[in-house]
Amino acid sequence: MQDQINASYPAFARARNMSKPRVALFGGQDLGYAMADYFSQRDDLDLFVVSYQSRRDIVNGYRSALTICKERNLSFIETTKPREDAYAALKQWQPDIIVGAYYARLFPPELLEISRLGAINVHPGKFPRYRGPMPTPWYILNGETTFGIGIFQIDDGVDTGPVFVQREYPIPHDETGHGLLCRTMKAAADLYIEYFDRILSGEIVAKPQQGEPYFCPRIEPRYQIDWTGARETIARRIRVHAKPYFPAYTYVYNRMLAINGAYCDDQPNASNARPGEIVRVWDNGQISIACGDGNIILRDYEVFPALSREEWRLHFEVGTRLT
């Protein structure tokens with residue numbers, strides 16, 4: 001899709017004619033890794049990295065910028081939030097620009113003052129919509145067909161700074177929350193690499209955001225299905241929570257059903273089943289469940305504790321109700 005490039009806000013014009021700029025990278029997850037890899041291979045930049053790797057990052061399979069730092073003997077601080085020791089090290093190092101790359105903390109004003117040219121960040125949001133710490137699941141929950149990536153100048157608000165460039169990308173109808181997050185990190189790295197030099201040189205400058213903002217709150221990490229809800233809403237929630245996250249779940253008798261894939265059933269609910277009742281079972285294991293406005297078909301699920309073949313037939317009969 002066509003980019004939106006802004007060129008009327010002189011925030012970074014002082015960046016012209018710099019020689020070997022000093023870049024302080026605050027990065028996390030795959031995006032932090034990709035940007036540490038990119039910046040560290042450039043002989044025309046000096047790099048200092050602030051990063052971390054949480055246990056959740058390891059469980060979800062994200063790479064860490066710390067790996068690059070240790071392999072290439074880069075200057076770095078390992079911390080989950082900017083602290084006084086990071087301030088002191090950065091003050092001594094005197095960065096020209098701070099680059100945010102999915103670092104999971106807000107930058108306080110005293111940190112922004114350390115950098116001569118301020119700080120830029122990248123965000124998976126269609127500015128000014130989809131601000132906040134967790135926009136990607138809301139794209140799915142709101143039924144969006146595209147997501148946005150924007151590079152912006154950090155100010156004292158939350159994702160409110162002027163924007164350098166934005167780009168939109170399609171969302172497949174069956175993409176999961178984790179899959180979308182991983183794709184935003186790849187797209188963000190590509191956008192940074194494409195436009196970083198033009199931003200730094202002042203060729204592209206930032207423009208204030210225009211339009212009605214929308215702030216995306218955090219969603220609960222676990223979701224027990226309410227079968228009285230609309231089937232499309234339930235299907236979207238299943239996509240958002242699919243593994244490696246904690247999947248959307250329900251119960252069938254004394255077993256937990258963790259669901260990673262489902263789609264809406266086009267067949268009408270001729271049996272007038274109550275929400276949560278099994279209305280059809282296929283030999284391939286797919287199950288149609290009644291919802292508040294029709295049926296949904298479960299195509300990818302796991303049962304805990306596991307069932308024998310005979311137990312499975314007893315649990316998944318037409319008329320059995322999931323709770």
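User: At what angle do helix H1 and helix H3 pack?
Analyst: This is a predicted model, in which local features need pLDDT of at least 70, side-chain atom pairs count only at pLDDT 80 or more, and totals for chains, interfaces and linings use all residues. Residues are numbered from 1 along each chain as its sequence is written, and side-chain values use heavy atoms, without hydrogens and water. Helices are DSSP runs of H or I with at least four residues, strands runs of E with at least two, numbered from the N terminus. For H1 (residues 29-40) and H3 (residues 65-72), with axes 7 Å apart, the angle is about 30°.

User: Is H1 roughly parallel or roughly antiparallel to H3?
Analyst: Axes are lines fitted to C-alpha atoms, for helices over the stretch in contact, and angles run from 0 to 180 degrees between N-to-C directions. Under 35 degrees counts as roughly parallel, over 145 as roughly antiparallel, 65 to 115 as roughly perpendicular and the rest as oblique. The angle of about 30° therefore makes H1, relative to H3, roughly parallel.

User: Which residues in H3 do those of H1 meet?
Analyst: Contact means heavy atoms within 4.5 Å. From H1, the residues are Gly-32, Tyr-33, Ala-36, Asp-37 and Ser-40. Their partners in H3 are Ala-65, Thr-67, Ile-68 and Arg-72.

User: What share of the residues in the protein is buried?
Analyst: Buried means under 20% relative accessible area, exposed over 50%, and partly exposed in between, with a 1.4 Å probe and protein chains only. The protein has nine helices and 13 strands. Of its 323 residues, the buried share is 54%.
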